[in-house]
Amino acid sequence: MIEQLKNKKGMISLVLHAHLPFVRHPEYERFLEESWLFEALSETYLPLLRMFSRLDEDNIPFRLTISLSPTLTHMLQDPLLQQRYVNHLNMLIELAYKELNYTTGNPGENKMARMYHELYSLNLSEYEGVYERNILKKFKYFQERGYLEIITTCATHSFLPHYQNYPEMIRAQILTGLESHDRIFSTQPVGIWLPECGYFPGVEEYLKPYGIQYFMSSAHGLLYSEDRPVNGLFSPISCPNGVHAFARDRASSRAVWSATDGYPGDPAYRDFYRDLGFDRPLDYIAPYINCGVNRVNTGLKYYAITDKTDDKVIYDPVAAAYKAEEHAAHFLDNRIKQCEVLGQYMDRTPIIPCPYDAELFGHWWFEGPLFLEALIRQIHDKSDEIALVTPSDYLKVYPRNQVTKPAFSSWGDKGYGQVWLDGNNDWIYRHTHKLIERMQELVNRFPDEKGLKERTLNQAAREVLLSQASDWPFIMKAGTTVPYARKRIKEHIHNFNYIYDSLSRNTIKTEWLTRLEKKDNIFPFLDYRVFRKDY
């Protein structure tokens, strides 16, 4: 295999990062932000699994890397959220059925209502019947088939550069993420997705002891590395300790991500922003929106992007599917040309790393899974020229690479850390840093507790990790669901400080602790001693 890969014009590495923050509210019958998970299940994760199955059935081998974050995998296994997803699907099936009658006089909308009724019915049928409510088993199956390289990320997706002065916390984030992964997939991942591609010099020292071979970096993380990368972004660099960094290729990223000229903006594709939740009379749509009064997206979207006006044409799934194939061909053709040029100047076969948020495919870009499937099939058809590989495949072919240190970087706006540290969110760090210091103090004061006190300390560690999710400062910066993001940070800070005070006074309230354990139930295996310096 190694010689065959060396003889290709180039290699493409598709890396999908699947992540959602931990959102679980058993204290409410229905909670709006839990729909983030339900939408991703319906529009991204189930369609991706369907795509993998079709490729498998057609004997199209593929190698794809997917990072499944620990918060996401926990929620996907949670019985409460699993039941709520079933409820969510039943609600949408009911709405789509209602729409079949409502749109009788409008053939275009009626056709779309039928499409959604069939789609949500299929989702429910597969979720219950095929996956038995746990889709991770199918991801594991494709891993065992050799199609997927499943990697992980930090426990709660913390933006590590803003915590680099707390080595115990960084180790706790990484180690907890690895343990969560191992418990689900029965393997240790060979790669890790640094949250937000956030790199600071030295983070690789935390990865090496756990067998991590590589991580993904922003483009400028490599371009501004200590020594100029001789192969640009088209072969990894090796940190001095041997952990490799693969950089995001700018051209392939722009083709998919660009808001102005990226593929997802094509007029034939489904319009994400035109949703039934805003189109129907309030009394009609009330049972399917937030609290019956606040209009939100339902997921039923009948129109194509068309143009920038509000005058949209009805979505045509056949035309959109054809366009997805066309865009896949264009994408592949450009990557092959890219490799032909690069090959003239490199001493090895170039690799084009293409990391994306998984939820882009299907949720934000409805036709994204069709694009990916067409791309994989077309790569298979041109396998004499180009190969689809994982980063670890490439490292087997080229284990020795230029040794240098990447630069501080992220894939956020402007490329450094300001998305997660600006006037909208900087207030959180004095609290989250203090939590780490207090957690370390607790570990020193209570080095080997058992029973109720150990449970209390474990919950304290859980609250510290949850307070560090990169999602909340991102939302504050983006200005989307800011009140909820602020509430979440404040809740975790409050919960931790309440525990800290209770331990100091030796007044732990069992009922309160049990209630909190049931609510913030992530990482049931967590041992608070992970914050100990010599753990």
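Colleague: Leaving aside neighbours within four places in sequence, which residues is Ser217 in contact with?

Modeller: Those are Cys197, Leu222, Phe246, Ala247, Arg248 and Ser409, where contact means heavy atoms within 4.5 Å. Keep in mind that this is a predicted model, where local features need pLDDT of at least 70, side-chain atom pairs count only at pLDDT 80 or more, and totals for chains, interfaces and linings use all residues. Residues are numbered from 1 along each chain as its sequence is written, and side-chain values use heavy atoms, with hydrogens and water left out.

Colleague: Got it. Is Ser217 buried or exposed?

Modeller: Buried, with a relative accessible area of 1%. Buried is under 20%, exposed is over 50%, and partly exposed is in between, using a 1.4 Å probe and protein chains only.

Colleague: And where does Ser217 lie?

Modeller: In strand β5, residues 214-217. Strands (E, at least two residues) and helices (H or I, at least four) are DSSP runs, numbered from the N terminus.

Colleague: New topic: is Tyr224 buried or exposed?

Modeller: Tyr224 counts as exposed because its relative accessibility is 52%. You'll find Tyr224 in the loop between α9 (219-223) and β6 (237-238).

Colleague: OK, inside now. How many residues are in the largest nonpolar core?

Modeller: 165 residues, and those with the most contacts inside it include Leu14, Phe52 and Phe531. Helix α2 (residues 35-57) gives the largest share of this core, 11 residues. A nonpolar core here is a set of buried Ala, Val, Leu, Ile, Met, Phe, Trp, Tyr and Cys residues joined through side-chain atoms within 4.5 Å.

Colleague: What does Phe52 touch, leaving aside neighbours within four places in sequence?

Modeller: Phe52 is in contact with Phe62, Leu64, Phe139, Phe142 and Leu148.

Colleague: Why is strand β1 called largely enclosed?

Modeller: Because 9 of the 9 residues of β1 (residues 10-18) are buried. Both faces are covered, with Leu14 among the buried residues on one side and Val15 among those on the other.

Colleague: Which strands pair with β1?

Modeller: One is β9 (residues 386-388), parallel over 3 bridges, with Ala387 as the partner of Met11. β8 (residues 351-357) also runs parallel to β1, joined by 7 bridges, and β2 (residues 64-68) pairs in the parallel sense over 4 bridges. Two strands count as paired if DSSP finds at least two bridges between them.
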